[in-house]
Each structure stands twice: as C-alpha cells, then as structure tokens.
Amino acid sequence: MKTFVIKIGSNVITENSGMPDFSRLRSLCSQVSSLMNMGQKVVLVTSGAVAFGRKNIQLPEKTNPVLKKQIWAANGQIDLINTYQKLLADLGHSIAQILVTKEDFRDRKHYLNMKNCIEGLLLQGIIPVINENDTVAITELMFTDNDELASLTAAMVNADTLILLTNVNGIYTGPPERPDSILIQQVNHDSRDLSNFIQASRSSFGRGGMLTKLNMAKKSANLGIEVFIANGKKEGILNDIIDESAQCTRFEPSPVKHSPKKWLAHGEQYYKGEIKINEGAKKALFSTRISSLLPVGVVTFTGNFEKGDILRIVDEEGKRIGLGRAEYGLKSLAEKIGQKNQKPIIHYDYLYLFTHE
C-alpha cells in the first residue's frame with residue numbers, strides 16, 4: 001500500500017473562461033477512486049476556491065484585490081469542497097476538509113497534531129482534501145502556492161509519491177508551445193540544473209509557475225519521495241502514471257529521510273534564529289561520521305528563539321549550511337557558546353543539511 005499526495009492546480013479544473021471544469025473534476029475523482037479501490041491511500045491538495053467564488057460573486061472593480069480574493073475564497077471553498085464530496089461520494093468514498101496556513105507548519109507540536117489527524121483519516125479510508133485558507137492567509141502567511149503546500153504535506157505524511165498536476169506535460173527544454181522543445185521525462189540526482197529551461201511565468205488562475213514546481217519537486221525527491229509533474233487536463237493521466245505510460249516529468253527519489261528531517265527541510269522560511277559556526281564544526285557536520293552541533297563550534301547567534309524553534313545554520317562567510325531544531329533557548333546558548341563538553345544545541349536527529357558544494 002502506497003500513499004499518494006496529488007496536487008490539482010487551478011488551471012486543471014478551470015476552463016479558459018475561468019469557469020469551473022466539472023467534467024475534468026469528475027474524471028479526476030474517478031481516477032482517484034481507482035487508486036483507492038487498488039488499496040492505495042490518497043491525499044488531495046486542491047486549488048480552485050477563488051475560481052469557484054469568482055463564478056458566484058461579482059465584485060466592484062475598485063474592490064481591494066486582497067479583499068476580493070478573500071471574499072471569493074470564502075464563498076468558493078464551499079462549492080469546491082461540496083463538488084469533491086458529491087463526486088467522490090457517488091463513487092463510494094468519504095472525504096474530509098482541511099484548510100491550512102503556513103503558520104500550521106511552523107510549530108513542531110502543531111505540525112504533529114495535523115499529521116496525526118491526516119494519518120487518522122487515511123487509516124479510516126477517508127480522503128483528506130487540503131487547501132490553503134485564503135481567507136486569512138495573506139502576505140507572509142501565504143504559501144508560495146499549493147505546490148509548496150503539496151510538497152510540505154507529502155513530507156509530513158511520509159508519502160511515497162507526489163503528483164503535481166498542471167496544464168502541461170511537464171518540464172521542457174524550452175517553452176512548451178515551441179515545436180522544438182523536448183519534454184524532459186526523467187530527472188535524476190545528478191541531472192543538471194533545469195531552471196534555465198523555465199520561463200518565469202505564472203498560470204492564468206493560480207499563483208504558481210513551473211519554477212516553483214521544479215524547486216518543490218527537487219526538494220521532495222531529495223527527501224525520498226517519487227515526484228511527477230504531469231498534465232491534469234489529459235484524460236486518464238493518473239492511470240497512465242501508475243501504468244508508467246504517462247508523458248510527464250519524473251523525479252528520481254533519494255533514500256528516504258528521517259521524519260523530523262522532512263519537517264526541517266521545509267523550514268527555511270520558519271526559522272527563529274541563526275547560528276554562525278566555525279570551520280571545524282562545519283567539517284564535522286559534513287563528515288561521514290554522525291555529528292550533532294555543539295556549542296563549542298558556535299561563533300555567534302542572532303534571533304529570539306526557544307527550545308523547539310527552527311534555527312538556520314551558516315558558516316563564517318554567511319553561507320547557509322542547514323536547519324535544525326533548538327535543544328534549548330538563546331539564554332542557555334549564550335552561557336554555553338564556545339565551551340566544550342556541553343549538550344548539543346542541535347541534535348543530529350533534528351538536523352537537516354543542504355547539499356554541500
């Protein structure tokens with residue numbers, strides 16, 4: 001039995017006019033049902049609330065853009081979740097709605113509560129349908145887009161496979177509409193940087209773009225999750241992915257990381273403090289021997305952090321090295337900094353290192 005996290009983008013379930021594409025939703029739900037009937041676990045991360053709300057409510061042009069989005073999301077989420085509920089209920093499956101913000105992933109205890117809820121739903125054969133709570137998530141509280149939310153969710157539930165559905169087949173060597181552009185079907189650990197192939201454009205009805213999908217896919221694959229970027233508009237795409245016949249971009253997974261490290265991997269925007277370490281500590285962290293970060297290796301630190309908060313680690317040149325969970329707060333670290341035979345400020349089990357160059 002595998003756990004799939006499937007992200008459905010706004011462009012997948014809306015028509016060119018911006019109206020909801022109910023036939024596409026029906027088809028995708030049918031394919032999700034097939035996965036469930038095979039004994040697999042499925043988590044849906046769906047966009048589309050704003051598009052559904054735009055269909056229902058006409059707002060004056062002068063309305064504040066952020067308020068517009070909040071109003072449309074608040075109204076459209078009802079339609080969106082009811083549509084999923086009806087379509088999947090007709091196929092014999094129950095769903096549960098989960099609305100989240102970035103704040104929900106910052107605190108380890110809160111994160112674990114959410115993880116336990118989702119895993120409990122999966123054990124009961126219920127499909128969690130997750131979306132960002134656009135009514136309260138604005139500015140710094142927003143995810144980059146639902147690709148980031150899907151990647152975070154996949155790490156949280158220890159998913160085997162993450163499928164990012166968009167309106168193109170995957171990553172191309174140039175603009176997808178150009179006839180000389182070639183679909184990149186496989187991305188391995190040692191594949192060259194693909195970001196140069198991608199134009200910085202966004203979808204018509206969503207926030208995200210292919211560069212975000214690439215970054216989230218690479219991060220997820222590095223955590224041991226198999227990732228596909230595929231065309232959700234193509235009929236039977238989920239079935240084709242399972243059958244290994246899909247025209248899409250697949251990311252080869254690395255060995256699976258320890259669960260806390262998956263949480264930390266996405267903590268770049270959540271850290272409460274920064275620790276600068278000396279060269280000796282840096283070499284120890286990147287050696288083949290398992291090492292925690294000790295106060296003796298700390299040069300300076302900044303921020304206001306307590307036990308359990310995420311810390312960013314940098315070297316003496318300011319280059320970011322990794323992320324870790326603080327074993328104690330800044331007052332205790334101030335007393336121990338530079339001293340030998342002290343308790344680690346970051347234990348190895350709660351240490352995530354970026355690729356060492």
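Predicted model: local features only at pLDDT ≥ 70, side-chain atom pairs only at ≥ 80, totals over all residues.
Biologist: Which residues touch the most other members in the largest nonpolar core?

Modeller: In soluble globular proteins, nonpolar side chains tend to be buried together. Here the largest nonpolar core has 44 residues, and V5, F105, I118, I130, L162, I171 and F251 touch the most other members. Several elements supply at least two residues each, among them β2 (41-46), β3 (95-100), α4 (108-123) and α8 (259-265). Helix α5 gives the most, with 6 residues.

Biologist: What is V5 in contact with, leaving aside its neighbours within four places in sequence?

Modeller: The contacts of V5 include V43 and V45, A150, T153 and A154, and also T161, L162 and I163. Apart from this core lies another, of 32 residues, with I8, I13, L35 and L88 among them.

Biologist: What is the strand order in the open sheet?

Modeller: The sheet has 8 strands in the order β3-β4-β2-β1-β5-β7-β8-β6, and the pairing is mixed. Its edge strands, β3 and β6 (186-187), each pair on one side only. Within the sheet, β2 and β4 (residues 127-132) run parallel and are joined by 2 bridges. V45 has I130 of β4 as its bridge partner.

Biologist: Is S33 buried or exposed?

Modeller: The cut-off for buried is under 20% relative accessible area. S33 has 5%, so this residue is buried. S33 belongs to helix α1 (residues 22-37). Beyond its neighbours within four places in sequence, S33 is in contact with L91 and H93.

Biologist: How many aromatic pairs are there, and why is the pair of Y111 and W263 classed as it is?

Modeller: The structure holds 5 aromatic pairs. Planes under 30 degrees apart count as stacked and over 60 as edge-to-face, with the rest tilted. The planes of Y111 and W263 stand at 45°, so this pair is tilted; the ring centres are 6.0 Å apart. The pair links distant parts of the chain, since Y111 is in helix α4 and W263 in helix α8, 152 residues apart. Y111 is buried at 2% relative accessible area, and W263 is also buried, at 2%. Ring pairs link F105, Y111 and W263 into a cluster.

Biologist: What kind of pair do F301 and F305 form?

Modeller: An edge-to-face one, with 75° between the planes and 6.0 Å centre to centre. F301 is partly exposed at 22%, whereas F305 is buried at 0%.

Biologist: Over which ring does the charged end of K261 sit?

Modeller: Over that of Y348, 4.0 Å from the ring centre. The charged end of K336 sits over the ring of Y328, 5.5 Å from its centre.

Technical notes:
Residues numbered from 1 in each chain as written. Heavy atoms only, no water. Core = buried A, V, L, I, M, F, W, Y, C linked by side-chain atoms within 4.5 Å. Buried < 20%, exposed > 50% of the residue type's maximum accessible area, 1.4 Å probe, protein only. Helix = DSSP H or I, 4+ residues; strand = E, 2+ residues; numbered from the N terminus. Contact = heavy atoms within 4.5 Å. Pairing = 2+ DSSP bridges. Phe/Tyr/Trp six-rings, centres within 6.5 Å; stacked < 30°, edge-to-face > 60°. Lys NZ or Arg CZ within 6 Å of the ring centre and 35° of its normal.
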